[in-house]
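Welcome, and thanks for taking a look at this structure. Here is a short briefing to guide you around it, topic by topic.

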Amino acid sequence: QVPTDPARRRVQKLAMLSRRLQQVHPNVLAKMLKQGTVYQNEEIVVINKPYGLPVHGGPGVKNCIADVLPILAKMLENMKAEPLHLCHRLDKETTGVMVLARSKEVAERVRLLFKTRQVEKIYWAISLGDPDPPEGIVEIPIVEKEVRSHQPHYKMTLAPSYRLAAEDGRVVKIRKDRDAETAVTRFRLLARSSACSLLELQPITGVKHQIRVHLAYGLGCPILGDHKYSHWSKLAPQKLPEITLKRLKLEQSKARHLPLHLHAHRLSLPLGQRIDLVCKPPLFFLNTLEKLQLDIAKD
């Protein structure tokens, strides 16, 4: 049944979106991605990745971007029949700029640009709380660890190479975790309101879940709708402040349906000349900004 409360209706709609994307025919999905094309030339095609669509297949995944690339290639004008190639990945819940290559050679070139940190990536996120200071750099290594709780699971977490000495609070260097990866994220506060913030983020490195972990555990500002990284030891819906719930017209018991508010907003790619690619955030993201009264200066 359809809830009468408009906020609950919107939340339910998004919860269904991911499931629906798994049920549509691959041709329909390819057509949808084609409509979300923001740029193309003879080397690359750039799409605005929708929410809730995985990039790769896996258990329980019927539809993913990788599988419909041959169909999408045929739908695009001035395209050789060769399938498109993935150049990088975005999490299932992340939206925004995604680069596809028209040939294997170009894909290798773009992957190398990502690997050697020559691609400038700018993300937008709505977070709970606001970072102090309002801008800076988080440079803390990240490692994957098993969380031993009543539901054992794996999470990425911080593996700092410093700690505070118990005796006098001095900063002491500790041995680096062998499995930890170097992770660096620039952050800048764009707006704050309703116990939330709009942040601009630039990941300098590309570690799995890096932005989510640095915001939640490094700055104490988890991303709105990030139920995985809002707690360490348990899998539970994110707890929202009263003012945020009020502005979103949401009950805490329905918070688990809130989507992750993380968007790949801009990407600058040095392919021959530098190509600047921008994707508008999805409707649910813009609606949340409006409801929380997070006003952004026009970019």
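Predicted model: local features only at pLDDT ≥ 70, side-chain atom pairs only at ≥ 80, totals over all residues.

Residues are numbered from 1 along each chain as its sequence is written, and side-chain values use heavy atoms, with hydrogens and water left out.

**Surface patches**

- Y162 sits in strand β9 (residues 162-164); helices (H or I, at least four residues) and strands (E, at least two) are DSSP runs, numbered from the N terminus.
- Together with L164 and V171, Y162 forms a nonpolar patch on the surface, and the three share about 340 Å² of accessible area.
- Patches are made of residues with over 30% relative accessible area and no salt bridge, joining like charges within 9 Å and nonpolar side chains (Val, Leu, Ile, Met, Phe, Trp, Tyr) within 5 Å.
- Accessible areas come from the Shrake-Rupley method with a 1.4 Å probe, and for residues only the protein chains shown count as cover.
- A patch of positive charge on the surface gathers R9, R10, K13, R20 and K249.
- For charges, Lys and Arg count as positive and Asp and Glu as negative, while His and the chain ends are not counted; the place of a charge is taken as NZ of Lys, CZ of Arg, CG of Asp or CD of Glu.
- K249 belongs to the loop between α6 (242-248) and β13 (262-271), and K249 counts as exposed because its relative accessibility is 56%.

**Salt bridges**

- The count comes to 9 salt bridges, where a salt bridge is a side-chain nitrogen of Lys or Arg within 4 Å of a carboxyl oxygen of Asp or Glu.
- One of them joins the side chains of E120 and R266 (3.6 Å, N to O). E120 lies in strand β5 (residues 120-128) and R266 in strand β13, so this pair ties together parts that are 146 residues apart in sequence.
- E120 is partly exposed at 33% relative accessibility, and R266 is partly exposed with a relative accessible area of 24%.
- K208 and E144 also meet through their side chains in a salt bridge (3.7 Å, N to O). This pair links distant parts of the chain, 64 residues apart: K208 is in the loop between β12 (196-203) and α5 (210-218), and E144 is in strand β7 (residues 142-147).
- K208 counts as partly exposed at 46% relative accessibility, and E144 is partly exposed with a relative accessible area of 43%.
- R212 and D226 form a salt bridge too (2.9 Å, N to O). R212 lies in helix α5 and D226 in the loop between α5 and α6, so the pair ties together parts that are 14 residues apart in sequence.
- Salt bridges that share partners join D91, R212 and D226 into one network.
- R212 is buried, with a relative accessible area of 7%, and D226 is buried, with a relative accessible area of 1%.

**Helix α5**

- Helix α5 is largely enclosed by the rest of the structure, because 7 of its 9 residues are buried.
- Those buried residues are Q210, I211, R212, V213, H214, L215 and A216.
- Just after α5, G220 takes a positive phi of about 70°.

**Cysteines**

- How many disulfides does a search of the whole structure find? It finds 0, with a disulfide being a pair of cysteine sulfur atoms within 2.5 Å.
- For C221, which is in no disulfide, the nearest cysteine sulfur is that of C196, 9.9 Å away. C221 counts as buried at 2% relative accessibility.
- The sulfur of C279 is too far for a bond, because the closest cysteine sulfur, in C87, is 15 Å away. C279 is buried, with a relative accessible area of 0%.

**Backbone details**

- Most residues other than glycine have a negative phi, and most peptide bonds are trans.
- The peptide bond from D132 to P133 is cis, with omega near 5°, and P133 is found in the loop between β5 and β6 (135-139).
- A195 is not a glycine, yet has a positive phi of about 65°. A195 is in the loop between β11 (184-193) and β12.
- Q293, not a glycine either, has a positive phi of about 60° and lies in the segment after α7 (283-291).

Notes. Buried < 20%, exposed > 50% of the residue type's maximum accessible area, 1.4 Å probe, protein only.
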